[in-house]
Amino acid sequence: MSESRPKIIRIDHTLVKTLVVLLVLKLVFSYLLVEVGWWQRHLTPNDIKFNPLGIPKEIGRNLEYLMLPLMLLYLAKNLKYARGLLLSLGLILAMLLLNLATSFYTGKGILDSMEYTLKLAAPVLFFCVLMIQHRKHGFNLKALLLGLCWLCVLLTLIGILLFDPSYNHWRNWLPVYFTGLHTHNYLLVGVFIGFSYWLYLKRQYLSVIALLTGGFLFLNFGYQIRSALVFLLVFMGAMLFSIHKTFQRLILRLVILIPFGLLAFVTLSPSFDWNKYSSGRITMYEEKYEMLQDYTVADFAFGKGKGADFITTRDWWYDEKNSHNDLLTFLVENGLPYTLLFLGLLLSLVVQQRRPRMLVIGVVLGYLATSLLSNGITLRPLAGYIVFAALAFIQAYPTLETVPKSGRIRFVISKRKLSPSNE
């Protein structure tokens, strides 16, 4: 082997290790960004109370400016190994070009116009880096993911033991460690996905069911962020569908019956206040419908720029709020073509293999659900890194035989095996 070949390999490894270290630092220092809202204004923020070294609270976000160039450098260097990933990368490039057009059309700053794309693209780029490193050098994604997951578990426990309670929907909840209430919950969903898939590979199906059920109960009674719960439910459905034919029949029936059940509930409960239950989203959607009525063809093509989605309503009268729906936000601020490209990007993650796997579909659909129901993972890159690391693990190791032996997980509930179905 020539001397240049080991140098090339070392460069790849150095870039990936640097990215992992930066991600770990982002996770560790994310607690500094936890905000104290109006109803908790008597509390001392984490960046003051738990920051003896005086570390800047924005350090975690600023590390993104190091990670993005490193990921782009790695991908440019290894583009020929990006089979199946080129469509995703091309769609991200097209979204950035549309951002330039939006900036020119609205007069808003270029970086402001690109902000959404950079946030949603960073975890996808990380996913691409991990996939290429695995294909090219046999990088152990299992050890990486389990290490990140255990770190997140440790940090979550530290937050619960030391930090003040979080606050949402007029009551206190468990403390959070990772940036904020929604990011913390989305990130933990990624952790549950990672652990459950490793157990799934080992055919410990009862352990998988117990873990996902316990995770759902923990998130529900600890935080009750509904979009995160829906994400986990979607993935649980995909996991159960992959485990056994009995679950397949049950899930197919539920898919058919749930819409009829909702229709019956709406018909029989006309007094139910959907707007109150959705925290004012119905009012917001009505306002955005009125706003879009005045859009010109050019407005639909390029959007009205960053900030156009933030308005006050009779339900959110105390502050400007956005749509709490990422697709609607993209439509208002970036235009219809951009929104369609985003949906195409998610689809490209599913069709990277000739036969899309049910668990990959479950992750992508759950991810999309968070954007449809709230400000989802799309614009929360810290959670996105963990979710897409889990997705890379699922994509890279379709069977137990392909998984390296190092980095074993020791969590076992039952060794009983069910008869799996083929995905």
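1. Helices (H or I, at least four residues) and strands (E, at least two) are DSSP runs, numbered from the N terminus. By that scheme, Arg-203 lies in the loop between H8 and helix H9 (205-222). This is a predicted model, in which local features need pLDDT of at least 70 and side-chain atom pairs count only at pLDDT 80 or more, whereas totals for chains, interfaces and linings use all residues. Residues are numbered from 1 along each chain as its sequence is written, and side-chain values use heavy atoms, with hydrogens and water left out.

2. Arg-203 has a phi near 60 degrees, a positive value in a residue other than glycine, and its relative accessible area of 42% makes it partly exposed. Just after H9, Gln-224 takes a positive phi of about 55 degrees; this residue is found in the loop between H9 and helix H10 (226-243) and, at 35% relative accessibility, counts as partly exposed. Here buried means under 20% relative accessible area, exposed over 50%, and partly exposed in between (1.4 Å probe, protein chains only).

3. The geometry of H9 agrees with expectation, because its 18 residues at 1.5 Å a residue should span 26 Å and its end C-alpha atoms are 25 Å apart; the expected span is 1.5 Å times one less than the number of residues. Among the buried residues of H9 are Tyr-205, Val-208, Leu-211, Leu-212, Gly-215 and Leu-219, and what covers the buried residues of this helix includes strand S2 (171-173), H8 and H10.

4. The largest nonpolar core has 115 residues, of which Leu-27, Met-71, Phe-127, Leu-187 and Phe-342 touch the most other members. Helix H8 (residues 181-201) gives the most to this core, with 14 residues. Apart from it lies another core, of five residues, among them Leu-292, Leu-328, Leu-331 and Val-332. A nonpolar core is a set of buried Ala, Val, Leu, Ile, Met, Phe, Trp, Tyr and Cys residues joined through side-chain atoms within 4.5 Å.

5. Leu-187 touches Leu-27, Cys-152, Phe-178, Leu-382, Ala-383 and Ile-386, residues up to four places away in sequence not being counted, and contact means heavy atoms within 4.5 Å.

6. Helix H5 (residues 86-106) gives the most to the patch, with three residues, and Leu-93 is found in H5.
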